[in-house]
Amino acid sequence: MGGFLSMGGHGAYIWPAYGIAVAALGGLLIWSLRARAKVQRELQDRGLDRRARERR
Amino acid sequence: MAMPSIHFLANPARFQRFSARILPWLGALTALLWASGLYMALLVAPPDYQQGETVRIMFVHVPAAWWSMAAYALLAGLGAALLVWRHPLAALMARAVAPVGAAYALVCLVSGSFWGRPMWGTWWVWDARLTSMLLLFFLYLGHIALSRAFDDSERGDRAAAVLALVGVVNLPVIKFSVDWWNTLHQPASVMKLDGPAIHPSILTPLLVMAAAYLALLVFLVLLRTETEIGRRRLETAALTGR
């Protein structure tokens, strides 16, 4: 396990490179999901969501 | 009717029905590709005989570069669709794409820097490839800023579309910078006319990671476009006093 983490002595470069990918893309994913949930809630509150329009 | 798949999505309501159906499956596929891609990149791929373990940085760096450029081509195409054909969905999709492209460009730049330090002995050089890639990141940021700079969101959409079209000249500069100038960055080794110059043990994880980045790009763009459609609907409702 120590060998895996040290990555042949280059762990200090490899793990941050993966870290930025996970942080930036994971962060964007969470932000996007929350933004969608918020908009859907507002649409529902005003009766503007798809199901409400289809009922009309 | 030459391109039914595109025209099919031109209508926002139809787009939403389509994306609602496809998003759960695409989300599952994205998660699966990321899990297997990261597993192969970190545990299966062998160390390179020259780069050692740092070759693993390539698996997050190279696909981020490819898809941030492809996403910009999409952004420019959407800009044209908005300015020339006044396509109703183009502006909303452009707003959805830009932050994803910016994130991909950022991942490319930072991961490249973490590779450059041990391999080149420097975090950064102002060489043609790195500089044009940094410009791509700033073009994305400019697009995001411009599209939100006006009270009238349609004015912002058009201004951002103009920027997207002007900035498209940067794409061939990025692609061919390693051939046109004598740069520190190595030339292409996968996207070559005579086939990739990479051993399958490295190429396979790279391609799986490329598929994972693509799946995430499509997933995020569909999800975020759907959000923008809803947001625009709320705006319109507020304006008409509903």
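Helices (H or I, at least four residues) and strands (E, at least two) are DSSP runs, numbered from the N terminus. This is a predicted model, in which local features need pLDDT of at least 70 and side-chain atom pairs count only at pLDDT 80 or more, while totals for chains, interfaces and linings use all residues. Residues are numbered from 1 along each chain as its sequence is written, chains are lettered from A and ligands numbered from 1 in the order in which they are written, and side-chain values use heavy atoms, with hydrogens and water left out.

Consider chain A to begin with. Three helices and zero strands make up its secondary structure, and along the sequence the pattern reads α-α-α. Chain A has 56 residues, of which 30% count as buried; buried means under 20% relative accessible area, exposed means over 50%, and partly exposed lies in between (1.4 Å probe, protein chains only).

Two packed helices are described by the angle between their axes and the distance between the axes. Axes are lines fitted to C-alpha atoms, for helices over the stretch in contact, and angles run from 0 to 180 degrees between N-to-C directions. Angles under 35 degrees count as roughly parallel, over 145 as roughly antiparallel, 65 to 115 as roughly perpendicular and the rest as oblique. A crossing is left-handed if the near helix is turned anticlockwise from the far one by less than a right angle, and right-handed if clockwise.

The axes of H2(B) and H8(B) come within 8 Å and cross at roughly 150°. H2(B) and H8(B) are therefore roughly antiparallel to each other, and the crossing of H2(B) past H8(B) is left-handed. The residues of this contact comprise 25 nonpolar, nine polar and two charged. Here Ala, Val, Leu, Ile, Met, Phe, Trp, Tyr, Cys and Pro count as nonpolar, Asp, Glu, Lys and Arg as charged, and the others, Gly among them, as polar. Contact itself means heavy atoms within 4.5 Å.

Thr30(B) lies in helix H2 of chain B and is buried, with a relative accessible area of 5%. Setting aside residues up to four places away in sequence, Thr30(B) touches Ala212(B), Ala215(B), Leu216(B) and Phe219(B). Ala13(B) also belongs to helix H2 of chain B, but Ala13(B) is partly exposed, with a relative accessible area of 26%. Ala13(B) and Glu226(B) are 213 residues apart in sequence, yet their C-alpha atoms are 9.5 Å apart in space.

H8(B) also packs with H3(B), at an angle of about 45° and with the axes 9 Å apart. That makes H3(B) oblique to H8(B), and the crossing is right-handed. Among the residues of H3(B) that meet H8(B) are Phe59(B), Trp66(B) and Trp67(B), while those of H8(B) include Met209(B) and Tyr213(B). By class, this contact of H3(B) with H8(B) has 17 nonpolar, no polar and no charged residues.

Thr227(B) is buried, with a relative accessible area of 5%, and, leaving aside its neighbours within four places in sequence, is in contact with Ser32(A), Ala35(A), Arg36(A) and Val39(A).

A further pair is H5 (residues 128–147) and H7 (residues 170–180) of chain B, which pack at an angle of about 155° with their axes 8 Å apart. H5(B) and H7(B) are therefore roughly antiparallel to each other, with a left-handed crossing. The contact involves, among others, Leu136(B) and Leu139(B) of H5(B) and Ile174(B) and Val178(B) of H7(B). Its residues divide into nine nonpolar, three polar and two charged.

The final topic is the nonpolar core, a set of buried Ala, Val, Leu, Ile, Met, Phe, Trp, Tyr and Cys residues joined through side-chain atoms within 4.5 Å. In the largest core, of 76 residues, those touching the most other members are Leu25(A), Phe59(B), Tyr72(B), Leu75(B), Leu136(B), Tyr140(B) and Tyr213(B). H4(B) gives the most to this core, with 17 residues.

Helix H4 of chain B also holds Gly112(B), which is buried, with a relative accessible area of 17%. Not counting residues up to four places away in sequence, Gly112(B) touches His61(B) and Val107(B). The C-alpha atoms of Gly112(B) and Ala237(B), 125 residues apart along the chain, are separated by 45 Å.
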